[in-house]
Amino acid sequence: MKGRTPTAEEKRWMSEISEFGCCVCKKFFGVTSPPEIHHIGGKTKPDAHFNTIPLCHPHHRSGESNERFVSRHPFKAQFTQRYGEEYDLREYTRENIGWNK
């Protein structure tokens, strides 16, 4: 699915969360891991690029679920059970980078 082009402000947000690192690794394990951008509700809705969280490859789309980590894709229910709601992780990220939109 192709999304729309991010605005300058959305690009700034995504750049800042990329610098923050994986929100799951930071919140639950106290480490910084290089992230990918995960769009919570897809890439085509209004504000789609603000509804994003930074997730490292294992937490985003490695396709594994084990005692060490749960990947968001394809294990959304298990991911949520272990780490919480995606919108709560977005708020955690916003608070920790001092973002006010």
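Start with Glu86, whose side chain makes a polar contact with the side chain of His38, at 2.5 Å. (A polar contact is a pair of N or O atoms within 3.5 Å; within protein, one must be able to donate a hydrogen and the other to accept it, and residues adjacent in sequence count only if both atoms are side-chain atoms.) Keep in mind that this is a predicted model, where local features need pLDDT of at least 70, side-chain atom pairs count only at pLDDT 80 or more, and totals for chains, interfaces and linings use all residues. Residues are numbered from 1 along each chain as its sequence is written, and side-chain values use heavy atoms, with hydrogens and water left out.

Is Glu86 buried or exposed? Glu86 is buried, at a relative accessible area of 5%; buried means under 20%, exposed over 50% and partly exposed in between, with a 1.4 Å probe and protein chains only. Setting aside neighbours within four places in sequence, Glu86 is in contact with His38, Ile40, Ile53, Arg72, Lys76 and Phe79, contact meaning heavy atoms within 4.5 Å.

Now zoom out to helix α5, where Glu86 lies. (Helices are DSSP runs of H or I with at least four residues, strands are runs of E with at least two, and both are numbered from the N terminus.) Besides Glu86, the buried residues of α5 are Leu89, Arg90, Tyr92, Thr93 and Arg94. Their cover includes α1 (8-20), α2, β1 (36-39), β2 and α4.
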